[in-house]
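Here are my notes on this model, as numbered points. Please read them beside the structure.

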Amino acid sequence: VVENVCAWWPGSDPELAREAILVSAHYDHVGARGEEIYNGADDNGSGTCGLLALAEALASYGPLRRSVLL
């Protein structure tokens, strides 16, 4: 079972905070079905790892003027 996870950082600018920068990644891999193997384009999770690194950087940097949805 896979769950979707979202994180929301409200922007610091009263006007621009209504706009959101959306950054997403997916960990898609069909894997194996029976004896058939379906290799993903990038099986090492680089997209999700990159998103987590961006979240860590945003947490250290502080809020941007616009809101951010990860």
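**Notes on the predicted model**

1. Start with one residue pair. Ala20 sits opposite Ser67 of S5. This is a predicted model.

2. The strands behind that pair are S2 and S5 (residues 67–69), which run parallel and share three bridges.

3. Now the whole sheet. Three strands form an open sheet in the order S1-S5-S2, and the pairing is mixed. S1 (8–9) and S2 (20–22) are the edge strands; each has a single partner, so one side of each lacks a neighbour in the sheet.

4. Salt bridges: the count is three. One of them joins the side chains of Asp13 and Arg65, at 3.8 Å from N to O. Asp13 is in the loop between S1 and S2, and Arg65 is in the loop between helix H1 (46–61) and S5, so this pair ties together parts 52 residues apart in sequence. Arg65 is exposed, at 52% relative accessibility.

5. Glu19 and Arg66 also form a salt bridge, at 2.7 Å from N to O. Glu19 belongs to the loop between S1 and S2, Arg66 to the loop between H1 and S5, so the pair links parts 47 residues apart in sequence. Glu19 is partly exposed at 39% relative accessibility. Arg66 is partly exposed too, at 33%.

6. Glu15 and Arg18 make a salt bridge at 3.1 Å, N to O. Glu15 is exposed at 52% relative accessibility. Arg18 is exposed at 66%.

7. How many disulfides are there? The count is zero. Cys6 is exposed, with a relative accessible area of 62%. Cys49 is partly exposed, at 47% relative accessibility.

Definitions and conventions: Residues numbered from 1 in each chain as written. Predicted model: local features only at pLDDT ≥ 70, side-chain atom pairs only at ≥ 80, totals over all residues. Heavy atoms only, no water. Pairing = 2+ DSSP bridges. Helix = DSSP H or I, 4+ residues; strand = E, 2+ residues; numbered from the N terminus. Disulfide = S-S within 2.5 Å. Buried < 20%, exposed > 50% of the residue type's maximum accessible area, 1.4 Å probe, protein only. Salt bridge = Lys/Arg side-chain N within 4 Å of Asp/Glu carboxyl O.
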